[in-house]
Amino acid sequence: MFDPSTRPPTVPDALTAPGDVAAWAAIVAPGADVVAPLAVIDPAAVDDAGRIDLLVAYERQIAWLHAAQQRVLAELDGSALNWNGKQSIDYTQEQVGAALRLSPGHAADRLAVGRTLVDRLPTTLSLLDGGEITYLHAKNLAEAVLPFEAKATGEIEERVLRRAADQTVGQFTASVRRAVIAADPRRAEQRHADALAERRVVVTPQPDGMAELWAWLPAEGAALVKTVLDSLASTKTPGDGRVIDQRRADALVDVFARVIGDPRLPEHHGQRPAIQVTIAASTLVGCDELPADLEGYGPITAQMARRIAADETGTWRRLLTDPATGQLLEYGRNTYRPPRNLADHVIARDRTCVFPHCRRPARHCDLDEPSRDVWRLRSLEG
């Protein structure tokens, strides 16, 4: 067995005592002497504790390599004279982007981080070089101090590095934000005002009948939304198989489902706010499974459209379109409400499943999977 107090381990040491070498590599300063023995260790040859040591060792080596890369980025100079040999043009970000397969914008960000670490954050770079912090720690700090002068940058760095080696990236980022605010409260308030002006809500259609709701909100507004959703989702009734994330999502929809019925909501062009679904009559009555269209989203499945149509708070309107072009030919003026207690009506009327040759009692059938007779009732009313 090798003795790390007398010499660093070799490749043969790593092959004969992989667990010991992994434990050594997890705590020793990263560098070239560590790479070779570490690289030959087979994770299958060590126990779980050894594998954790390997993970830590590799993470420290990666940090060391990141530090070396920052020094290269800081030294790069892609300047060249223009075609007439007079004006100097900096092509560094284009060269870095081409070499690392990055867009020029991402390459410019990498260059800015490297130059900031080398020129303005030497202590941070030293910790990265020693594997004490990760590149993400260093990157977050470098980006945060870009607007600051040298004195403020030094104060921020000194303040946040005290516990950086023991912090996750999230904890460290919070420390950086706190230090940035303390260093220049006025600038922090102005940045908040600028960010507040960009507040918005974006809905992006996603596959499989889903959508992403994204909001850029002031922190107190987001905290309010989360507090309400957490409260609404905290109670789980017996038989409720939803996980907490599903209950939060459903609670968010429920809040707005209650609001949409408020008569005080503003009208547009004489119409109240409403979810609009366009579905072929043949699909509504169950003769086919053509996609329907949800306004603001796009195509949805026939079953999803029929489920929306079954909402007793909704109304129906007949639209006549050209089957070849889809052009609207006639807009019905009358609207119809789905009848109440339709499930009880259908069970009493059909008594059994309406699928050919199926005699299962209607009360045992899945009414969320509408039969064509269920929707024929609706089509006759509408």
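Which residue forms a salt bridge with Asp250? I started my notebook with that one, and I kept in mind that this is a predicted model.

**Entry 1: the Asp250 pair.** I looked up Asp250 and found Arg242 as its salt-bridge partner, with the closest N and O atoms 2.8 Å apart. Then I checked how open the two residues are. Asp250 comes out at 31% relative accessibility, so I wrote it down as partly exposed. Arg242 has a relative accessible area of 30%, so Arg242 goes down as partly exposed too. I also noted a network here: Lys226, Asp230, Asp245 and Arg248 are joined into one by salt bridges that share partners.

**Entry 2: other salt bridges.** I searched the whole structure and got 12 salt bridges. One of them links Arg7 to Asp13, and their closest N and O atoms are 2.7 Å apart. Is Asp13 buried or exposed? Asp13 counts as buried because its relative accessibility is 11%, and the cut-off for buried is under 20%. Arg7, at 35%, is partly exposed.

I also looked up Glu143, which forms a salt bridge with Lys139 at 3.1 Å between the closest N and O atoms. Both sit in helix H8, four residues apart, so about one helical turn separates them.

**Entry 3: helix H4.** I picked helix H4, residues 48-75, and counted 28 residues. From first C-alpha to last, H4 reaches 41 Å, close to the 40 Å expected. Its buried residues include Gly50, Leu54, Ala57 and Arg60. What covers the buried residues of H4? I found several helices, among them H2 (18-27), H3 (32-39) and H6 (104-120).

**Entry 4: a nonpolar patch.** On the surface I found a nonpolar patch formed by Val201, Val203, Leu213, Leu217 and Val225. Together they have about 450 Å² of accessible area. I took a look at Val203, which lies in strand S3 (residues 200-206). Val203 has 55% relative accessibility, so I noted it as exposed.

**Entry 5: the whole chain.** Of its 382 residues, 27% are buried. The chain exposes about 25200 Å², and carbon and sulfur atoms supply 56% of that.

Note on methods
Residues are numbered from 1 along each chain as its sequence is written. This is a predicted model: local features need pLDDT of at least 70, side-chain atom pairs count only at pLDDT 80 or more; totals for chains, interfaces and linings use all residues. Side-chain values use heavy atoms; hydrogens and water are left out. Helices (H or I, at least four residues) and strands (E, at least two) are DSSP runs, numbered from the N terminus. The expected span of a helix is 1.5 Å times one less than its number of residues. Buried means under 20% relative accessible area, exposed over 50%, partly exposed in between (1.4 Å probe, protein chains only). Contact means heavy atoms within 4.5 Å. Accessible areas come from the Shrake-Rupley method with a 1.4 Å probe; for residues, only the protein chains shown count as cover. Patches are made of residues with over 30% relative accessible area and no salt bridge: like charges are joined within 9 Å, nonpolar side chains (Val, Leu, Ile, Met, Phe, Trp, Tyr) within 5 Å. A salt bridge is a side-chain nitrogen of Lys or Arg within 4 Å of a carboxyl oxygen of Asp or Glu.
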